[in-house]
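Visitor: I have a model open and would like to learn how to read it. Could you take me through some features one by one?

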Amino acid sequence: MDLTSYAELAVLLVNLGDECGNSATVRKLLEETGRTEAAARLTRRDVDALCELRDELAEVFQSASGGDEDDVVERLNGLLVRHPVHPQISGHDGQAWHLHLTEGGRVADTLAVGSVMGLASVVTGLGVDRLGTCQAAPCRNAYLDTSSNRSRRYCSERCASRANVAAYRARRRAPESA
């Protein structure tokens, strides 16, 4: 089971920001990530629960960016208790039998379990420093660092480019003001 895709779902949920409360936005996210059945079953109650989860996951990423490993683990453990894992064997869309996490129940439950379990897997397998928030001002989007050298600092190429251009311009201005 590839839990990284579940961790990436956590990143996407966190990065919804204030749009988390918009049912159409959440439905689009689900559809774009291949969760069409979940998108079709999404209710207002699910959206509200996902917004609450989004806030809790954002705190995990903030703690990770601050280097507070104990807080990250404490927060994830709390989420794992509240969202217990219920694996199911699934075979859909012509795929071979494989495991899914919590296919039944509310859409929010399924997404919560997957997101939390995915992050727990990343933290235990790769380390807390693989979770972070974008260092490009003013962006504070979450990211998952899957690079081989643990070098990711930005949520996207766009933010990395923007930060690099800003740093270049700042260096160019520095001699003028000296």
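Visitor: Let's start with Ala39: why does Ala39 count as buried?

Guide: Buried means under 20% relative accessible area, exposed means over 50%, and partly exposed is in between, using a 1.4 Å probe and protein chains only. Ala39 counts as buried because its relative accessibility is 1%. Keep in mind that this is a predicted model, where local features need pLDDT of at least 70, side-chain atom pairs count only at pLDDT 80 or more, and totals for chains, interfaces and linings use all residues. Residues are numbered from 1 along each chain as its sequence is written, and side-chain values use heavy atoms, with hydrogens and water left out.

Visitor: Where does Ala39 sit, and which residues does Ala39 touch?

Guide: Helices are DSSP runs of H or I with at least four residues, strands are runs of E with at least two, and both are numbered from the N terminus. Ala39 is in helix H3. Contact means heavy atoms within 4.5 Å. Leaving out residues up to four places away in sequence, Ala39 touches Arg27, Leu30 and Glu31. Val26 is 13 residues from Ala39 in sequence, with 7.9 Å between their C-alpha atoms.

Visitor: And Ala7, how does that one read?

Guide: Ala7 belongs to helix H1 and is buried, at a relative accessible area of 0%. Its partners, not counting residues up to four places away in sequence, are Gly118, Leu119, Val122 and Leu144. Take Leu144: 137 residues along the chain separate it from Ala7, yet the C-alpha atoms are 7.6 Å apart.

Visitor: How many helices and strands does the protein have?

Guide: There are 7 helices and 4 strands, and in sequence order they run α-α-α-α-α-β-β-α-β-β-α. Of the 178 residues, 40% count as buried. Looking at contacts between residues at least 6 apart in sequence, 51% join residues at least 24 apart.

Visitor: What is the span of H4, end to end?

Guide: The expected span of a helix is 1.5 Å times one less than its number of residues. H4 has 22 residues, so it should span 32 Å, and its end C-alpha atoms are 31 Å apart, which agrees. Just after H4 comes Gly67, with a positive phi of about 75°.

Visitor: Which residues have the most contacts inside the largest nonpolar core?

Guide: A nonpolar core is a set of buried Ala, Val, Leu, Ile, Met, Phe, Trp, Tyr and Cys residues joined through side-chain atoms within 4.5 Å. The largest one has 38 residues, and Leu57 and Leu131 have the most contacts inside it. H4 gives the most to this core, with 9 residues.

Visitor: Last one: what lines the second largest pocket?

Guide: On a 1 Å grid over the protein atoms alone, a pocket is an open set of points where a 1.4 Å probe fits, with protein on both sides within 12 Å along at least five of seven lines; lining residues have an atom within 4 Å of a point. Here 13 residues form the lining, and Ala64, Val128, Asp129, Leu131 and Arg153 lie nearest the centre of the pocket. The lining divides into 4 nonpolar, 4 polar and 5 charged residues, where Asp, Glu, Lys and Arg count as charged, Ala, Val, Leu, Ile, Met, Phe, Trp, Tyr, Cys and Pro as nonpolar, and the others, Gly among them, as polar.
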